Amino acid sequence: MNLEGLEMIAVLVVIVLFVKVLEQFGLLEATVEDSVEDDLEMATICHRPEGLEQLEAQTKFTKKELQILYRGFKNECPSGIVNEETFKEIYAQFFPQGDASTYAHFLFNAFDTDHNGSVSFEDFVLGLSVLLRGTIQDKLKWAFNLYDINKDGYVTKEEMLDIMKSIYDMMGKYTYPVLRDETPRQHVENFFQKMDKNKDGVVTIDEFIDTCQKDENIMKSMQLFENII
């Protein structure tokens, strides 16, 4: 796998791998019982989700799609929330040859928008709406938020390196020993130089989006994941 291929992975891995989470939660099933709406309204689980109408207005999912998503979410998470350990367990199943814990930690923090240590159904479906139904800019903004580890509005070279290392660690034997130990840093140096247009040592969201939108391969690849559900 060359550096150009890894550059694409660095931006797209969020969307590609999240499809695996959907499958794990059974969220790609095509059928659902009508009682799901009643479940939402009654909120018999520990966390009370928003009503279907409100979530339908806030996302790009239909009422029926939200019912499907909720049934899968409730089956896997009866308490109504997902903690970080659940994310780690899911990714460990799909990447047993590597260590997915750090990447799962970063992804969990991107979904945990209010930083309370848990991801509710609302958090989950709002993020999912962006990843699967959002515009290219919406998806890239979400990806930028993942890279912006300390949430200060900028991505530093070290933050990008931390994310890249977590991807290499997760892929395990599929990258090692084919790629040298210094490859992650070399890749980040190249990618960061493209993005940091004013050479101030940080990447802004505008620089991030502009660079990605000008990359034909990234744009084509992102479009492949539209209308998954």
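Which residues form one aromatic cluster? Tyr70, Phe73, Phe87, Phe108, Phe111, Phe121, Phe124 and Trp142 do. The model is predicted, so local features need pLDDT of at least 70 and side-chain atom pairs count only at pLDDT 80 or more, while totals for chains, interfaces and linings use all residues. Residues are numbered from 1 along each chain as its sequence is written, and side-chain values use heavy atoms, with hydrogens and water left out.

**Helix H4**
- Helices are DSSP runs of H or I with at least four residues, numbered from the N terminus.
- Helix H4 covers residues 63–76, and its 14 residues should span 20 Å at 1.5 Å a residue, which agrees with the 20 Å between its end C-alpha atoms. The expected span is 1.5 Å times one less than the number of residues.
- Because 10 of its 14 residues are buried, H4 is largely enclosed by the rest of the structure. Buried means under 20% relative accessible area (1.4 Å probe, protein chains only).
- Tyr70 and Phe73 are among the buried residues of H4.

**Aromatic pairs**
- Rings of Phe, Tyr and Trp (its six-membered ring) pair if their centres lie within 6.5 Å; planes over 60 degrees apart count as edge-to-face, under 30 as stacked and the rest as tilted.
- The count comes to 10 aromatic pairs.
- Phe111 and Trp142 form an edge-to-face pair, because their ring centres are 4.9 Å apart and their planes stand at 65°.
- This pair links helix H6 (residues 101–111), which holds Phe111, to helix H8 (residues 136–147), which holds Trp142, 31 residues apart.
- Phe111 counts as buried at 1% relative accessibility, and Trp142 counts as buried at 10%.

How values were computed: Helix = DSSP H or I, 4+ residues; strand = E, 2+ residues; numbered from the N terminus. Buried < 20%, exposed > 50% of the residue type's maximum accessible area, 1.4 Å probe, protein only.
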